Amino acid sequence: MSVHSSTTRASRWRAVAAIAAGLTGGTGCYHYAALPVSELEPSMNVRVDLSGVAVDRLRGGPDSLSRLVDGFTVSGTVARLSADTVVVSVPKNYMEANVRLRTQLHDLPLFRSDVQRVQFRRLDRARTTWLGVGIGAVSAA
């Protein structure tokens, strides 16, 4: 093995490590935290667990609504709130003219009584900071 090839491999490894560090550090560490239904606010990113009755009603309804439910879970953004309902905007991807991927938001109205559990997406700052420090140290080494 020549000196030039080992130098080239080392520089490639450093480049790959830097790219991986940038991608991982840029995404942050998110987790889902439990939240009472009464504390929901518009524009929150949520994951909602539904009752069996709600899932049956959605699956028996229009086909477009049944495709928004993944098992007993719906993930999306709170669009509107009222005294007895929660409207969640659920993103769905589709191919436009078989060329580009587009995202369309579908509003899914839910009764508050059908919501078993709500979790909202939250950034864990301490974890993200330590991850960034660790990746920076590995990259520097």
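Okay, let's start on one face of helix 2, where Val-53, Asp-56 and Gly-60 are exposed (over 50% relative accessible area; buried is under 20%, and partly exposed lies in between, with a 1.4 Å probe and protein chains only). Those areas come from the Shrake-Rupley method with a 1.4 Å probe, and for residues only the protein chains shown count as cover. And when I say helix or strand, I mean DSSP runs, H or I of at least four residues for helices and E of at least two for strands, numbered from the N terminus.

Quick word on where this comes from: it's a predicted model, so local features need pLDDT of at least 70 and side-chain atom pairs count only at pLDDT 80 or more, while totals for chains, interfaces and linings use all residues. Residues are numbered from 1 along each chain as its sequence is written, and side-chain values use heavy atoms, with hydrogens and water left out.

Back to helix 2. Which of its residues are buried? They're Ala-54, Val-55 and Leu-58. They sit on the same side of helix 2, because they cover an arc of only 100 degrees around the axis, taking the directions from the helix axis to the C-beta atoms. And what covers them? The cover includes strand 2, helix 3 (63-66) and strand 5 (100-111).

Now step back to Ser-51, in the loop between strand 2 (45-50) and helix 2 (52-60). Is Ser-51 buried or exposed? Its relative accessible area is 11%, so it counts as buried. Leaving out neighbours within four places in sequence, Ser-51 is in contact (heavy atoms within 4.5 Å) with Phe-72, Asp-114 and Gln-116.

Next up is Thr-73, found in strand 3 (residues 73-81). This one is partly exposed, because its relative accessible area is 22%. Not counting residues up to four places away, Thr-73 touches Arg-47, Val-48, Asp-49 and Leu-68. Take Val-48: it's 25 residues from Thr-73 along the chain, yet their C-alpha atoms are separated by 5.6 Å. With Asp-49, there's a side-chain polar contact of 3.2 Å. By polar contact I mean a pair of N or O atoms within 3.5 Å; within protein, one must be able to donate a hydrogen and the other to accept it, and residues adjacent in sequence count only if both atoms are side-chain atoms.

Last, the whole chain. It has 4 helices and 6 strands. Of its 141 residues, 25% are buried. The chain exposes about 9,500 Å², and carbon and sulfur atoms supply 56% of that.
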